[in-house]
Amino acid sequence: MTAPSPLATALKSAVLLLFFGMIVFPIAWMMLTAFKLPRDVYQLGLGFTPTVQNFGIVFEAPWNIGLRIVNSTVVAFFTLAIAIPAAILSAYSFSRFEFAFKRGLFFLMLATQFIPAVVIILPFYLMFRDLGLLDTRTGLVIVNLAIVTPFAVWMLKDYFDAVPIECDEAALIDGASRLAIITRVVVPMALPGVIVASVFCFILTWNEFIFALILTRDKAVTLQVGLVSFRTERGDLWELMAAAGIFITVPAFIAAVAIQKHFEAGLTGGAVK
Amino acid sequence: MPDRIMRYLLLVPALVIVLGTTLWPLGSAIATSFRNWRLKRSPVPQGWVGLDNYAFAFEEPEFWNALKVTVVFVTLDVVIAVAVSLGLALLLRRAGVLQSLTRAVLILPFAMSPALIGVSFRFMFNGEYGVLAKGIGWLVPPLADVIWLASPGYAMAALILSDVWHWFPYLTLIFLGGLAAVPVETEEAALIDGATPWQTTRLVVLPQIKGVIAVALVLKTIFALKMFDSVQTLTGAGPGITTQTLAHYVYTIGFVHYDMGHASALAIVLTAILVGIGIVYTRLVMPPKVIAR
């Protein structure tokens, strides 16, 4: 191969730098805004007096971000605690067994992702209204299962497929039950995959907006919907939104970076192998 | 327990969840779409009205507006996001400091919530003090006086830009995964045979990742069709209803006007569009073995 010309290399570097800036800049700008006083929010220079007062204000009434953090965390935790074990069991069955309508059933799981959230929420809103589940975390967990479970089954089946079936057979000969094989052989061997699927589902649930917007008013409001309340009759309180944004992004960023290496391999692997 | 029973038993929890949280609501929404049910007038469903809700939907200019907005948004959004991410993925293949730096931040926008992205871009596209509005105005002087979110075309542009920003780094990750499987030898051979780098990319590399490109197109199209979160938090469907997508229109009829029958009919129309595209794409691009091996 001929060496590329210096001009081409410089151009390539410039384009890459531009992309890097495009990705990082909006995040950095919002994070900086969280440390600004209201008077500094509207100026574009970097010469502002940093403050942490916004992080205190958002915990006070009427913002109560502490409660929002608890709500978001509880909803994400219970959604995963139900979805992941259920998905592990059925992903194992899809991975190891042949049965009637297997392809149809698996396709059905994926096809549910074509149903838009507004369709799912209409009947649930009406049902929760009758059952008194509006504005509860329980209600949010139930609807969040709809978006998380099929994804988890899809991803986990792929990771389980990569575990040699001989491992199951060896355990069967030793007299292990199927449940024991799942919990003591396949899940430990596919643990990185189980973690990737869980983190992916965590991000989906944590960032979920439309369900919480429609189903919650006060007690069960999540961090995402809490953002809307910073739009007041006094105008948008950008510095407080940005401070709340830090609480939203930091857990998701930590989770995403932790699995970044596997993310790439996992998702494309599932789709095009 | 024998495997013959176990194989079905293991499926039960996830199937119950999926049926209960997606197919039941779908069925229920279909039933409601044939009824007259305004929540502001009656807490219980009123009479059956046949196809009236559907007929009414197709007569409304707001429906056709939302359909047009959705088609414009999806087309531009998908084309731009996929083209940009494919280009970036090709640039990121080789090792280098800038390459690894950029690769390291690719996951961040995807982990950010669409609601927060909408809020952030609304701040940054503010006509008076938005850093992006000012920055773009400085780079392209004719755009300096544009009040982005108050002008129909520019509000749509801001919506597309924010969604492209959310998705292109993630799509780049998908393409990098696909490119990693392309053997370097095929390119080297083409270059030795005298092909230019551009010819090599177009005729040798890209055909080998056709499948990945197709999957990226499907994924992006489906998510773009469902677009709601940042419509709500960035433009609020405005100015007027010039950026109101179908999903946002269903939301407005259902949860601002509380007309359940009408909203259900619209929701079913949106689902039909999504399922239609889903089936066509699945047939077109996904080999059957992907669905179940």
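Let's start in a loop: P239(B) sits between α13 (229-235) and α14 (246-255) of chain B. Helices here are DSSP runs of H or I, at least four residues long, numbered from the N terminus. The peptide bond from G238(B) into P239(B) is cis, with omega near 0°.

A word on the model. It is predicted, so local features need pLDDT of at least 70 and side-chain atom pairs pLDDT 80 or more, while totals for chains, interfaces and linings use all residues. Residues are numbered from 1 along each chain as its sequence is written, and chains are lettered from A, ligands numbered from 1, in the order in which they are written.

Chain A has a cis bond too, from A61(A) to P62(A), again with omega near 0°. P62(A) is in the loop between α2 (53-57) and α3 of chain A.

Now phi. Most residues other than glycine have a negative phi, and most peptide bonds are trans. F101(A) has a positive phi, near 60°. It lies in the loop between α3 and α4 of chain A. Is F101(A) buried or exposed? F101(A) is exposed, with 9 other C-beta atoms within 10 Å. The cut-offs: 20 or more such neighbours is buried, 12 or fewer is exposed, in between is partly exposed, with C-beta atoms placed from the backbone. D135(A) also has a positive phi, about 60°. Its loop runs between α5 and α6 of chain A. D135(A) has 15 C-beta neighbours inside 10 Å and counts as partly exposed.

Next, the chain contact. It takes 75 residues from chain A and 77 from chain B. Contact means C-beta atoms, placed from the backbone, within 7 Å. On the side of chain A, the largest share, 13 residues, comes from α1(A). By class, that side has 58 nonpolar, 11 polar and 6 charged residues. Nonpolar means Ala, Val, Leu, Ile, Met, Phe, Trp, Tyr, Cys and Pro; charged means Asp, Glu, Lys and Arg; the others, Gly among them, are polar.

Last, the core. A nonpolar core is a set of buried Ala, Val, Leu, Ile, Met, Phe, Trp, Tyr and Cys residues joined through C-beta atoms within 7 Å. The largest one has 162 residues, and those with the most contacts inside it include I121(A), L122(A) and V250(B). Helix α6 (residues 137-161) of chain A gives the largest share, 15 residues. What does L122(A) touch? Leaving out residues up to four places away in sequence, L122(A) touches A29(B), T32(B), G254(B), M260(B), A263(B), S264(B) and A267(B).

Definitions and conventions
Helices (H or I, at least four residues) and strands (E, at least two) are DSSP runs, numbered from the N terminus. Two residues are in contact if their C-beta atoms, placed from the backbone, lie within 7 Å.
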